[in-house]
Amino acid sequence: MSPAPDTGAPKRGKPPGLTEKQIVDAALSIIHTEGLDGLSMRRLSRELGRSAMAPYSHVADKQELLDLVAREVLSEVEVP
């Protein structure tokens with residue numbers, strides 16, 4: 001049995017080339033320049049140059065994004 005032909009329709013799932021690290025880095029950039037209140041999922045998608053829904057392929061909501069940002073920031077803290 002041969003595979004189904006490519007219909008040219010966009011595939012669902014993670015956008016090509018967008019990684020969790022890019023999302024976290026973009027969120028941190030926004031936080032550094034505009035403060036925590038400046039971070040929204042729409043603002044994040046603009047920062048990434050993606051559609052408003054693109055970040056949702058990687059994070060469920062803003063709370064999960066904030067958890068990832070906190071994990072990244074805390075990973076840089078040296079424990080004596």
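Guide: A residue is called buried when its relative accessible area is under 20%, exposed when the value is over 50%, and partly exposed in between, as found with a 1.4 Å probe on protein chains only. Helices are DSSP runs of H or I with at least four residues, strands are runs of E with at least two, and both are numbered from the N terminus. The model is a predicted one, in which local features need pLDDT of at least 70 and side-chain atom pairs count only at pLDDT 80 or more, while totals for chains, interfaces and linings use all residues. Numbering starts from 1 along each chain as its sequence is written, and side-chain values rest on heavy atoms, with hydrogens and water left out.

Which residues of H3 are buried? They are Leu-65, Leu-68 and Val-69. These residues lie on the same side of H3 because they cover an arc of only 100 degrees around the axis, the arc being that of the directions from the helix axis to the C-beta atoms. The face turned away from this buried side carries the exposed residues Arg-71 and Leu-74. Helix H1 (20-34) and helix H2 (41-48) are included in what covers the buried residues of H3, where contact means heavy atoms within 4.5 Å.

A nonpolar core is a set of buried Ala, Val, Leu, Ile, Met, Phe, Trp, Tyr and Cys residues joined through side-chain atoms within 4.5 Å. The largest such core has 16 residues, of which Ile-23, Ala-27, Leu-44, Leu-48, Leu-65 and Val-69 touch the most other members. H1, H2 and H3 are the elements that give two or more residues to this core, and H1 gives the most, with six. In soluble globular proteins, nonpolar side chains tend to be buried together. Ala-27 touches Leu-65 and Val-69 as well as Leu-39 and Leu-44, when residues up to four places away in sequence are not counted.

H2, one of the helices covering H3, has Met-41, Arg-43, Leu-44, Ser-45 and Leu-48 as its buried residues. What covers these residues includes H1 and H3. Ser-45 is buried because its relative accessible area is 3%, and its side chain reaches the backbone oxygen of Arg-42 at 2.7 Å. Ser-45 also touches Arg-50, Ser-51, Ala-52 and Pro-55, with residues up to four places away in sequence left aside. Just after H2, Gly-49 adopts a positive phi of about 70 degrees. In the loop between H2 and H3 stands Ser-57, which is partly exposed at a relative accessible area of 32%.

Arg-43 is buried at 16%, yet it joins Glu-34 and Glu-47 in a network of salt bridges, a salt bridge being a side-chain nitrogen of Lys or Arg within 4 Å of a carboxyl oxygen of Asp or Glu. The closest N and O atoms of Glu-34 and Arg-43 are 2.7 Å apart, and the bridge between Arg-43 and Glu-47 spans 3.2 Å, N to O. Arg-43 and Glu-47 are separated by about one helical turn, because they are four residues apart in H2. Glu-34 is partly exposed at 39%, and Glu-47 likewise counts as partly exposed at 34%. The whole structure holds three salt bridges, including one between Lys-21 and Asp-25 at 3.0 Å, N to O.

Key: Polar contact = N/O pair within 3.5 Å; in protein donor to acceptor, adjacent residues only side chain to side chain.
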